[in-house]
Amino acid sequence: MATGFDMVIKGGRVLDGTGSPWFQRDIGISNGKIKSLGYIPAEGSNVIDAKGLIVAPGFIDLHDHADHAIMAFPDATNYLMQGVTTSVAGNCGLSMAPVNPNYLELLKAYLSPFLKKGFNYGWDWQSIGEFYQKVESHGTAMNLAPLVGHGTLRLAVMGFDSSTPTTEQMQQMKNLLKQALEDGAFGMSSGLIYPPGSYSSTEELIELAGVLSNYGAIYTSHIRNEGDSLIEAVDEAIRIASENNIPLEISHHKTAGMTNYGKVHGALKIMAQARQNGVEVNCDVYPYIAGSTTITSALPNWVLEGGIAQMLERLRDSKTRKALESEISEDRMTNTNRIKSSDWKGIFVADCPLHHKYEGKSLEQIFKEKGSFNSPYQAFFDWLLETEADATVVLFSMCEEDMRTVLANPLSAVISDGWVTSPDAGGKPHPRAYGTFPRVLGKYVREEKLLSLEQAVRKMTSLPAGKIGLQDRGIIREGSWADLAIFDAGTIIDKATFAEPHQYAEGIKYVLVNGQLVIDNGNSTGVRPGKILRRRN
Ligand SMILES: [Zn+2]
């Protein structure tokens, strides 16, 4: 072809990501970037015929956990097949660095449910910079934008100690946070339901997050409570952001538990009010009414003091078991009461590496099969000992109406909250790891008309890019990186279900990452052109 471009996308309907309606444009790509937008006469092997297809910026997943297994699954096919070209990883306080070698075993236990079993990580990094260098040398098909996890960071200084940090410990945490930001992290994530992050008081978080304000870096938070105390938890996050004048992202916004349904209206109002007062707050949402997390998050925080090994020790003590049973059953927990909000029949085992036989079953079903459902709490504690509490679960605890309310709100971004995996990885993971973005475009845009295609794409592209300060991705314009998702708006749909989660989505025809084809006519090319993105000052 005589055009001088490396590749030309021809005849597509270009949705630029800003929320504008589509324009018919050809896109000329050179050196990984969009060099020209307009009419480009071209034909040949490097021309993609996009006639009738939507050409959108590659989707930016503002909230996932791709860092944990990207070295095991560098092709990230489950994400590319959704049109995702950039993952913002390290969310919920659970990043892979910083690492304090003295607490390495505690860190591995903390991250264990998210790590790829049997994969040799090597654990030879300490900083965020070193970790992502290692990822880069393995290669990755999608771009990764790192966050540093507050829980990981606190663990590196204090282990699983629940006490208030001393002045010296606080200084050490600040230094680690500074280093992560200097290494290019886009901000700090917290997961205030997971020990040891959950041991931090609001004051501790306010002081630590002060470091972010010197860098204009973002604070993302899996807030302290998404059930009975949702509103208080939203207030806490806003206070942390407001006192430091930093951007805030409230992660996977939802309400858990039937008695709390409808509370998202109040929470969204508080966010809108905070924005009027100058706090840059946004939220994000995945399009499902079940969540997924560690089984240990169903326990009160104090049980995890000192780490998983100590927790298992406590579960062997009959007095502790009684105390635990009454604390949970009488609903005196400070974190979200997952047994109450989902019930034994609404909690399904996703991954259970020591006992795969439990995967896909509900706790109720498991205990019934064991004949121990007549005292479910004791059955639960026994089961935790048997599985060494090394399990992730899918929990049905939300309502469709709340999810739709958050999805339709202009402040929210679409996120997966998933991880990289592949069909041969086994287990019954949450289908969001395969289906999130096509599900929004197919089910909620095309079928249910909850929001327009332009608005949905904006929530997947320019909104998350703007939120973390990416200037050259998330919008199609000359000079941007050529990260593109090219799909058929008439057929795009998720295929992954809770029963059969390992199913690629349909309708994504071509995906480009940094100008290179990673999905070609619906199939992975195996190319790994992804970059580690670093925050710029
Ligand atoms: Zn989370």
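Let me start with a term. A residue is buried when its relative accessible area is under 20%. Keep that cut-off in mind. Also, this is a predicted model.

Now the whole chain. The chain holds 17 helices and 21 strands. Its radius of gyration is 23 Å, close to the 24 Å from the globule rule for 537 residues, so the chain is as compact as a globular protein of that length. Along the principal axes, the C-alpha atoms fill a box of roughly 80 × 50 × 45 Å.

How do the contacts run? Take those with a separation of 6 or more: 76% of them join residues 24 or more positions apart.

On to the metal. Which residues are the protein donors of the zinc ion? Cys-92 gives SG, His-222 gives ND1 and His-252 gives NE2. These donors lie 2.1 to 2.3 Å from the zinc ion. In sequence, the spacing reads C-x129-H-x29-H.

Look at Cys-92 and His-252. The pair is 160 residues apart and links distant parts of the chain. Cys-92 sits in the loop between strand S7 (84-89) and helix H2 (104-111). His-252 sits in the loop between strand S12 (248-250) and helix H8 (263-276).

Are these two buried or exposed? Back to our opening term: both Cys-92 and His-252 are buried.

Terms used. Residues are numbered from 1 along each chain as its sequence is written. This is a predicted model: local features need pLDDT of at least 70, side-chain atom pairs count only at pLDDT 80 or more; totals for chains, interfaces and linings use all residues. Side-chain values use heavy atoms; hydrogens and water are left out. Donors are N, O and S atoms within 2.8 Å of the metal (3.2 Å for Na, K and Ca); water is not among the atoms, so sites may look incomplete. Helices (H or I, at least four residues) and strands (E, at least two) are DSSP runs, numbered from the N terminus. Buried means under 20% relative accessible area, exposed over 50%, partly exposed in between (1.4 Å probe, protein chains only). The radius of gyration is taken over C-alpha atoms; the globule rule is 2.2 Å times the number of residues to the power 0.38. Contact means heavy atoms within 4.5 Å.
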